[in-house]
Amino acid sequence: MIVPIRRLAVTFALCCALVFGTTAYAASRSAPQDARAVAQPTPSPTTEERKLAKTRFAVDAGLAAGATYEWIVKPFKAGKLKKGHHGRTMALVKAGLAGAFAYNRLKAAARNAQADPALSKALAPLTAGIEGLKNLPHEFHKSGSPDATVNNYQNVINKVKGAGASSGAPVQNQVPSPNQLLSSP
């Protein structure tokens, strides 16, 4: 299909006008260059944030632990994630959602732990393990042994629970609802 050059030129001109117009508008609405050059100091946690840091940490880590156990570990032990099992696709979808949810909640728990000195010290060695969870769903499909992937999830969760318990914020499994799994960013 041949498109006339005139139509392509008009389309290109409209696209450029939209891009440059919105960029110019946004630049005129933003702060002056001098104000953007000044570095804003990061706020230190308030007293209220320090009081609630352990509670927020325990809730977020508990939700991550509950999702991991309910939709990754338990179905794996029951054999629902094995090839040929009836309902495997749905179990894998749920496990994928639970893995993303657990990663999200563990990242939130790590942010909450920064407001409490004892929690931040206890959780500092685990940040690499939490970041490593991001790649585990891909490794689950690539590897011939999904046991290692499921064990990695469970090990990171157990270490986070141990760090919380040693800092005075015990973590208990809380199973999130399917709606919470779907609403996780």
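**View 1. The whole chain and its surface.** In this predicted model, the protein chain exposes about 12100 Å² (Shrake-Rupley method, 1.4 Å probe), and carbon and sulfur atoms supply 61% of that. There are nine helices and zero strands, taken as DSSP runs (H or I, at least four residues, for helices; E, at least two, for strands) and numbered from the N terminus. Of the 185 residues, 32% are buried, meaning under 20% relative accessible area with a 1.4 Å probe and protein chains only.

**View 2. The largest nonpolar core.** This core has 37 residues; a core here is a set of buried Ala, Val, Leu, Ile, Met, Phe, Trp, Tyr and Cys residues joined through side-chain atoms within 4.5 Å. Helix α4 gives the most, with 11 residues.

**View 3. Around Leu106.** Leu106 is among the core residues with the most contacts inside it. Skip its neighbours within four places in sequence, and Leu106 touches Ala64, Ile130, Leu133, Val156, Ile157 and Val160 (contact: heavy atoms within 4.5 Å).

**View 4. A nonpolar patch on the surface.** Met90, Val93, Leu97 and Leu182 share about 370 Å² of accessible area. Helix α4 (residues 88–113) brings three of the residues. Val93 sits in helix α4 and is partly exposed at 44%, between the 20% and 50% limits.

**Notes.** Residues are numbered from 1 along each chain as its sequence is written. Local features need pLDDT of at least 70 and side-chain atom pairs 80 or more, totals for chains, interfaces and linings use all residues, and side-chain values use heavy atoms, without hydrogens and water.

Conventions. Patch = residues over 30% accessible without salt bridge, like charges linked within 9 Å, V, L, I, M, F, W, Y side chains within 5 Å. Salt bridge = Lys/Arg side-chain N within 4 Å of Asp/Glu carboxyl O.
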